[in-house]
Protein chains: 2
Amino acid sequence: MNNKAKLSHLTPEMLAYMAGFIDSDGSLIAQLVRKNDYIFKFQIRLSVQFSQRTSRKYYLDMLRKEVGYGHVVVRANMSDFVLTEARIVCEFLQLLLPYLRIKKKQANLMIKIIQELPSARVSKEKFIPKSFAKW
Amino acid sequence: MNNKAKLSHLTPEMLAYMAGFIDSDGSLIAQLVRKNDYIFKFQIRLSVQFSQRTSRKYYLDMLRKEVGYGHVVVRANMSDFVLTEARIVCEFLQLLLPYLRIKKKQANLMIKIIQELPSARVSKEKFIPKSFAKW
């Protein structure tokens, strides 16, 4: 997977800040979502999520603008800035890796899952157990 | 207040990381604690707090070692790395200011309170209302 140009505008300080934010109360999420119209009957949904009170939605909007990808979702008192596009999530986490501490292991696993996604199209059995088993 | 040498070992990336952590789920705390043996019957307690599950106390110990000041407190399932020494809190927040976003205003107020502390020894009325009223 070679998409190393999308997020090159993020400076080391911005990446370190975002890593601190995610380590503290952000989320790296890997989900298997049932999809009956898919060949293997599920979709692998991988996302990075920054959450804040909706009263501070401006802050999430600012983050989204800085990153240049993703979207902001409002859910009652809380809102989230969410990255879901696999190639963006992968590059973002790769850039964050040198700064992450608490969630470095989850980030590495998520990157690995995304990098193995093409093989999943060929063999479900080959892909799912070895990546998700370590989550 | 001139103590700009205690935390000069912290790099921009470390400061940006810690700012992200504090913006996400850290705490800047200003308390008035009753102390009957004090001239004005209270102590102003200012602190910066990083919290994590006690199962990840190693992470807080690592932060404390990096900063070189403060202490780690264990309270049941959660633990905190706390900075309480006024001159350290002041310098730390001054260094974090360029990176803080959500808690920049609180940090500025906390710095102001600490910088005004000497005048509080002379006049309680002069000091308390103008700083704490904005909290």
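Analyst: What follows looks at one pair of helices and then at the chain contact.

This is a predicted model, in which local features need pLDDT of at least 70 and side-chain atom pairs count only at pLDDT 80 or more, while totals for chains, interfaces and linings use all residues. Residues are numbered from 1 along each chain as its sequence is written, chains are lettered from A in the order in which they are written, and side-chain values use heavy atoms, with hydrogens and water left out.

In chain B, the axes of helix α1 (residues 12–25) and helix α2 (residues 57–67) come within 12 Å and cross at roughly 135°; helices here are DSSP runs of H or I with at least four residues, and axes are lines fitted to C-alpha atoms over the stretch in contact, with angles from 0 to 180 degrees between N-to-C directions. That angle makes α1(B) oblique to α2(B), a word for whatever is not under 35 degrees (roughly parallel), over 145 (roughly antiparallel) or 65 to 115 (roughly perpendicular). The contact, meaning heavy atoms within 4.5 Å, is made by B:M14, B:Y17, B:M18 and B:F21 of α1(B) together with B:Y59, B:L63, B:E66 and B:V67 of α2(B).

B:E66 also forms a salt bridge with A:R101, the closest N and O atoms being 3.0 Å apart, where the term requires a side-chain nitrogen of Lys or Arg within 4 Å of a carboxyl oxygen of Asp or Glu. Across the interface of chain A and chain B the rule finds 2 salt bridges, and the contact between the chains takes 21 residues from chain A and 21 residues from chain B.

How values were computed:
Helix = DSSP H or I, 4+ residues; strand = E, 2+ residues; numbered from the N terminus.
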